[in-house]
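Biologist: I have a model open and want to learn how to read it. Please take me through a few features.

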Amino acid sequence: MRLADDEKAMLDGAEGPAVAAAMDLLVRYGEALGADGLCDIRNVAGTMTQPSPVKARLVREGGWNKAFAVINLDSDDDLEIPHMRVPTCQLQHGFGEDALGVVPYPENMVALQGDAESFYGAHGVNILATCTPYQVGNLPVRGEHCAWMESSAVVYANSVLGARTNCEGTASTGAASLTGKIPCWGNHHEENRHGTHLIEAAVPVDGFLDWGMFGYFVGEVVQENRPVVIGDLHRPDLTDLKHFGAAAASSGGVELYHIPGITPEAPTVEAAFGGRALPEKVVYGERERRGIYERLNDQGRSTDVDFVLLGCPHASLDQIARTARALDGRRLSPGTELWIMAPRALRAMADRSGYTETIQRAGGRVLTDSCPAMSRVAPEGTRVFATDSAKQAHYLPAILGIEAWFGTLEECVDAAVTGTWRGDLR
Ligand code: F3S
């Protein structure tokens with residue numbers, strides 16, 4: 001791999017041993033990927049503060065410097081971690097103190113994470129603590145090279161913002177944060193960003209539920225390729241697009257899609273394909289829509305719902321407001337819990353707007369920082385849950401061994417209030 005002079009200097013230790021270890025990791029990683037060089041970046045979204053038993057042991061043995069060296073730099077050396085070189089944010093991590101007594105999540109992990117926030121905050125990591133950094137101020141511009149983790153965030157950054165990132169890992173984002181570099185391959189190159197598949201919606205795709213189901217279909221069809229979607233598409237908002245991308249990244253491994261006339265790299269269908277011949281289109285019709293709905297509900301048996309989960313990817317302020325409106329003046333069924341996951345910064349706005357109080361008055365919770373799939377927890381005794389998120393319906397039954405129902409936000413709130421699933425596809 002070719003290295004620029006500043007990269008060679010970092011590798012040779014000109015900026016200290018931690019930066020040299022980071023550069024060494026990036027060179028090994030880039031060579032394994034077949035990259036011919038590194039990109040300059042100034043936006044990293046990674047994970048440093050996520051608590052775990054392994055991290056607890058490393059901190060006991062050598063403090064936070066040791067934990068970062070081993071987990072984020074793949075190095076056993078004694079390194080003093082410097083300040084992050086480029087703007088770096090923490091994605092979702094474990095639950096925080098405010099979830100104690102609500103979420104069955106170990107207290108020692110909450111304490112470990114609190115310490116981690118202090119250490120990494122002092123080293124320049126912005127503790128956004130959300131899988132949707134783009135909702136709370138981290139918005140790379142079109143064409144900007146980044147190093148992001150988290151599949152739902154990566155597909156949003158590439159597709160909706162037109163930024164350029166591969167789906168990075170804990171170590172590569174750690175190394176990127178200290179160097180401002182990442183291997184330049186895959187989505188960083190213009191020629192790898194054009195569409196590969198054409199998918200036409202022959203039924204209306206309108207609203208959060210349908211954008212999620214359509215995304216789930218698209219992911220199944222294209223797997224890790226790049227879909228261009230056309231047809232009866234009603235103009236999506238931020239919330240629809242975050243659901244669409246997260247679903248496509250769950251059923252497949254989509255990191256980049258184009259919606260001609262909507263997403264920035266696709267002014268036209270032809271441009272989305274980079275001027276190449278269009279492939280034969282795959283049609284999403286009534287039969288396919290019904291099939292996806294049934295697939296997302298095939299883990300549901302009992303209609304007795306113990307738990308309702310909203311906010312995956314983390315909820316927008318609009319979604320919190322809609323949840324509050326749907327719960328206003330109502331009360332959750334005894335034995336049923338409702339959690340809506342949100343970025344902490346938006347939770348603060350929901351508090352000020354009165355939405356949190358309305359949700360809490362009904363018996364629900366606005367929770368932050370994490371989610372049941374990431375932290376592998378649900379309310380004690382949960383057997384059946386309902387969600388409006390295709391991603392959670394896809395993952396949570398396997399992670400927690402529970403049944404799942406998938407439907408609209410209003411159907412989920414109805415299930416929380418009655419304790420019974422009554423959803424249906426309209
Ligand atoms: Fe976010 Fe958890 Fe969903 S991290 S994308 S809320 S699975």
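Biologist: Which domains give at least three residues each to the shell around the ligand?

Modeller: This is a predicted model, so local features need pLDDT of at least 70 and side-chain atom pairs pLDDT 80 or more, while totals for chains, interfaces and linings use all residues. Residues are numbered from 1 along each chain as its sequence is written, and side-chain values use heavy atoms, without hydrogens and water. Domain bounds come from an automatic or database assignment. Here, domain 1 (5-190) and domain 3 (299-418) each supply at least three shell residues.

Biologist: How many residues surround the ligand, and which are closest?

Modeller: A residue is near a molecule if one of its heavy atoms lies within 4 Å of it. 13 residues surround this ligand; the closest are C131, C312, C371, K391 and Q392. Helices α14 (372-375) and α15 each give two or more residues. Helices are DSSP runs of H or I, at least four residues; strands are runs of E, at least two.

Biologist: Is P133 buried or exposed?

Modeller: Buried means under 20% relative accessible area, exposed over 50%, partly exposed in between (1.4 Å probe, protein chains only). P133 has 0%, so P133 is buried. P133 lies in the loop between β4 (125-126) and β5 (147-148).
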